[in-house]
2 protein chains.
Amino acid sequence: MSNDAHPHDLPAVVRLLWDLGEPSRRGPKPTFTRDDVVAAAIEVADAEGITAVSMGRVAAQLGSSTMALYRYVASKDDLLTLMSDAAFGLPPEAPAGAGWRPRAEQWARAVRDEWTRRPWLLKLPVTGPPTGPRNLRWFDACLAAFDGTGLDAAQRVSATLLLSTYVRGERHLMIDISSRPPEELAQTLISYDVLAPLVSAEQYPALARMIADGEFDDDFGDDASGDDDFEFGLTAVLDGIAAAIERASA
Amino acid sequence: MSNDAHPHDLPAVVRLLWDLGEPSRRGPKPTFTRDDVVAAAIEVADAEGITAVSMGRVAAQLGSSTMALYRYVASKDDLLTLMSDAAFGLPPEAPAGAGWRPRAEQWARAVRDEWTRRPWLLKLPVTGPPTGPRNLRWFDACLAAFDGTGLDAAQRVSATLLLSTYVRGERHLMIDISSRPPEELAQTLISYDVLAPLVSAEQYPALARMIADGEFDDDFGDDASGDDDFEFGLTAVLDGIAAAIERASA
DNA sequence: GTTTTCTGCGTACTTCATACGCAGAACGGT
DNA sequence: ACCGTTCTGCGTATGAAGTACGCAGAAAAC
């Protein structure tokens, strides 16, 4: 990785994510690295959730004091930003000789697995489109899937953002349901028929009719991992991209 | 609206959002209502952003003390949950005699306008699928658009969630860009060509090639409101739902 | 009229992020 | 080898925010 970039030319978030700071030349050798701090924070988030990630808790995990962390990261916000990139694994290799659709589908399932594996990633503040080393690996892999489809560059970026946006949004909605402990789940509505006394036919005609028809009976939406919904949405999104590709080839 | 529901049968979040608590029968008349508190909080969020919404700031806006708020809401989390429903307006009337696609498209644009109008809504924690009175009006309106399309009930819900997920995700990504002040925007990357020194062709082949080809030159992505991207995605999502409808009719 | 319930809100406690500054370690220059 | 400069670890302190607890007074029920 080239570090020949002029750091002052780049946005602060890029300098942060790509670790473009100057290494120190004097003084005691640091006990840890910034990556150590980020890894400790990720361990805490994995074990206890993102709300447990305080500077004190990360310091305890690392084996240092709270204030020592500020030698490695400028603020908690910066730490969260670094976590939002470092917590992603690498995208899978594209299957050899596969067309755009199986590649895009594999990519979508793989990135969904990342968010399922680390649901707290969905709760981190979004600071913009992907710019970190890991996020860009995923971005690049999806862009590559659309190479040779006839979509121009802007459309390939749009298709990538569409697919990513869909999967993230679906995980964002579903993960708070499937990641809750069972006693808490009962307090989250996953079947609308219990709303029957509240939703009048006048104000909620379609919903009231579906409830009256028994469409939300016991097995509707019981698929707590959201797999059926995900498949419907994924097929629709890929069908939509296929339509855009057809138009681009005409 | 019927309040004959047995409140103890319903999840806590439904009881909260539908205001199923018992009204008080003794003691001084309260100076405000819960809706007053929520409205004050929304005013603060509109004027100063969601991070300014503290219990103290809301109390100041309302004209009461901080601790008095706890007579109306149990916690700040409950206040945020109430805001997440109350801040939505009503969905537009469907155009008379229109087919599913223009109705769904109008709905998508309208809900996008809601999130554009109140971008802080996107930063509120998501507690599950829509269950509040206002959110369900939007949910119902979109479900209604898919009536008569041949999609079964589960598919109509999936299509609605797909459309909503897409629009929300697109706004979630784009809003942090378009809502920033100009001096902050320069610190957010909206053109990838500045990453050229960082993204090696070995690790980011598709991205490096696009940068080398000048695909991210000055006017790429300058559409800060994301309108072009939004149109691509909306067309693709609706094309995908159209394909699902065709399969359902076969 | 008394008892019970309710409202407004002050005080205090807890948690968390981080500014500031000190002591000691380590490197560069002389 | 010594001195000055830079750096690391971290203790202390400050401020902000959420909210538990409890008191005084108001109002309804009995």
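This is a predicted model: local features need pLDDT of at least 70, side-chain atom pairs count only at pLDDT 80 or more; totals for chains, interfaces and linings use all residues.
Residues are numbered from 1 along each chain as its sequence is written, chains are lettered from A in the order in which they are written, and side-chain values use heavy atoms, with hydrogens and water left out.

**Interface of chain A and chain B**

- Contact, meaning heavy atoms within 4.5 Å, links 76 residues of chain A with 76 residues of chain B.
- About 6400 Å² is buried between the two chains, with carbon and sulfur atoms giving 68%; buried area is the accessible area (1.4 Å probe) that two parts lose on being put together, summed over both.
- A:Leu198, A:Tyr204 and A:Phe232 supply 11% of the area that chain A buries against chain B, more than any other three residues.

**Polar and charged pairs**

- Across the interface there are 16 residue pairs in polar contact, both residues at pLDDT 80 or more; such a contact is a pair of N or O atoms within 3.5 Å where, within protein, one must be able to donate a hydrogen and the other to accept it, and residues adjacent in sequence count only if both atoms are side-chain atoms.
- Four salt bridges (a side-chain nitrogen of Lys or Arg within 4 Å of a carboxyl oxygen of Asp or Glu) are counted between chain A and chain B, and B:Asp239 and A:Arg247 meet in a salt bridge at 3.1 Å, N to O.
- The whole structure holds 24 salt bridges over all chains.
- Because B:Asp239 lies in helix α10 (residues 227-249) of chain B and A:Arg247 in helix α10 of chain A, this pair joins two chains.

**Second largest pocket**

- The volume of this pocket, taken as the space filled by probe spheres set on grid points joined across faces, edges and corners, is about 600 Å³.
- Among the 19 lining residues, the closest to the pocket centre are B:Asp19, B:Glu22, B:Arg34, B:Arg71 and B:Tyr72.
- A pocket is an open set of points on a 1 Å grid over the protein atoms alone, where a 1.4 Å probe fits, with protein on both sides within 12 Å along at least five of seven lines, and lining residues have an atom within 4 Å of a point.

Definitions and conventions: Helices (H or I, at least four residues) and strands (E, at least two) are DSSP runs, numbered from the N terminus.
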